[in-house]
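I opened this model to look up its overall build first and then a handful of single residues. The entries below are kept in the order in which I looked.

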Amino acid sequence: MARDFTKDTANLMEFGTDSINSLLAGAAFLSIHAIVKADSFSDDNVSGFNRICSVFINTGNVNGLILSLSDVNAGGIKVNVGGRSKSADAFQSGQGTTVVGTGSEVSVGGVLDFGGDLIRVYYEGTQEFSGAQTFGNTTYTADGTPNQSDRIGARESTSTNYQFDGSIAELAIWNVDITTAGFAMLADRFSPLMIRPDGLVCYWSLLGNNSPETEIINAKNGTITGTIESNTFENNDNQ
């Protein structure tokens, strides 16, 4: 099962301001992963369109961590992972190499390595990008004052371009590097609960059975505005 998100600003899943950001403080690494199936894309060479997850570190749409499917360099829609180590950082991001189509269930994610000034991007359990970045701190520093809610399936409540159109399931965030081995297991549909449970900060299975949507690690349950239906989705075969 999954939640079926749409490009409609009346339909949002939110967690409140500074909800997830503060949980990430002090992390030398952030790993993020989800299973998704897109129905359509907004495509205008903008990093962060078709947002799977948004965690804000400061006011004014300043993200500390994002996962999206975006066309950054006019080369097609690909996995995009980005963020900051502190609110004053310029936004850093990396992009995969596989062009992601609609209608297929895929495993997507990545790692922010603050001490190593590096971002790695994964598609279907394979590392597709490892690139140098410029992070100001060696750990995640929750030093800003976010004024927007952290969200799944959107960046903000006013732009459909940043909303995800399609199914999202098994979204998880860790404060450790889950490594290529971890992403390979997630691509094989092992539960995030089996991947570095010592570093698992948030896990939303997104089964669509409850509202708010349950988060079982730190009770960061997702408040639903409007309608976000549940959807049949083959995931978690190896729990």
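My notes go from the whole chain to single residues.

**Ground rules.** I am working with a predicted model, in which local features need pLDDT of at least 70, side-chain atom pairs count only at pLDDT 80 or more, and totals for chains, interfaces and linings use all residues. Residues are numbered from 1 along each chain as its sequence is written, and side-chain values use heavy atoms, with hydrogens and water left out.

**Whole chain.** I looked up the secondary structure and found 1 helix and 15 strands in the protein chain; these are DSSP runs numbered from the N terminus, helices being H or I of at least four residues and strands E of at least two. The radius of gyration, taken over C-alpha atoms, is 16 Å for the protein chain, close to the 18 Å of the globule rule for 239 residues, so the chain is as compact as a globular protein of that length. That rule is 2.2 Å times the number of residues to the power 0.38. Along the principal axes, the C-alpha atoms fill a box of roughly 40 × 40 × 35 Å.

I then asked how much of the chain is buried, and noted 56% of the 239 residues. Buried here means under 20% relative accessible area, exposed means over 50%, and partly exposed is in between, with a 1.4 Å probe and protein chains only. The accessible surface comes to about 8500 Å², with 43% of it belonging to carbon and sulfur atoms; the areas come from the Shrake-Rupley method with a 1.4 Å probe. Among contacts (heavy atoms within 4.5 Å) with a separation of 6 or more, 69% join residues 24 or more positions apart.

For charges, I noted 13 positive and 27 negative side chains, with the centres of the two sets 4 Å apart. Lys and Arg count as positive and Asp and Glu as negative, while His and the chain ends are not counted; each charge is placed at NZ of Lys, CZ of Arg, CG of Asp or CD of Glu.

**Cysteines.** How many disulfides does the structure hold? I found 0, where a disulfide is a pair of cysteine sulfur atoms within 2.5 Å. For cysteine 53, the closest cysteine sulfur is that of cysteine 202, at 8.3 Å, which is too far for a bond. Cysteine 53 is buried at 1% relative accessible area, and cysteine 202 is buried at 0%.

**Backbone.** I went on to the peptide bond from serine 211 to proline 212, which is cis, with omega near 5 degrees. Proline 212 is in the loop between β13 (200-204) and β14 (223-225), and leucine 206 lies in the loop between β13 and β14 as well. Leucine 206, a residue other than glycine, has a positive phi near 60 degrees, and it is buried with a relative accessible area of 0%. Threonine 179 is not a glycine either, yet has a positive phi of about 65 degrees; I placed it in helix α1 (residues 179-187), where it is partly exposed at 36%.

**Tryptophan 174.** This residue lies in strand β12 (residues 165-174) and is buried, with a relative accessible area of 0%. Leaving out residues up to four places away in sequence, I listed its contacts, among them Phe29, His33, Leu186, Pro192, Arg196 and Val201.

Beyond four places in sequence, arginine 120 touches residues including Gln127, Phe129, Asp177 and Thr179. Glutamine 95 belongs to strand β7 (residues 92-95) and is buried at 13%. The C-alpha atoms of arginine 120 and glutamine 95 are separated by 8.4 Å, although the two are 25 residues apart along the chain. The contacts of glutamine 95, its neighbours within four places set aside, include Asp71, Lys78, Val121 and Phe129.

**Serine 22.** My last entry concerns serine 22, which is in the loop between β2 (12-17) and β3 (29-40) and is partly exposed at 39%. Its C-alpha atom is separated by 28 Å from that of glutamine 127, 105 residues away along the chain.
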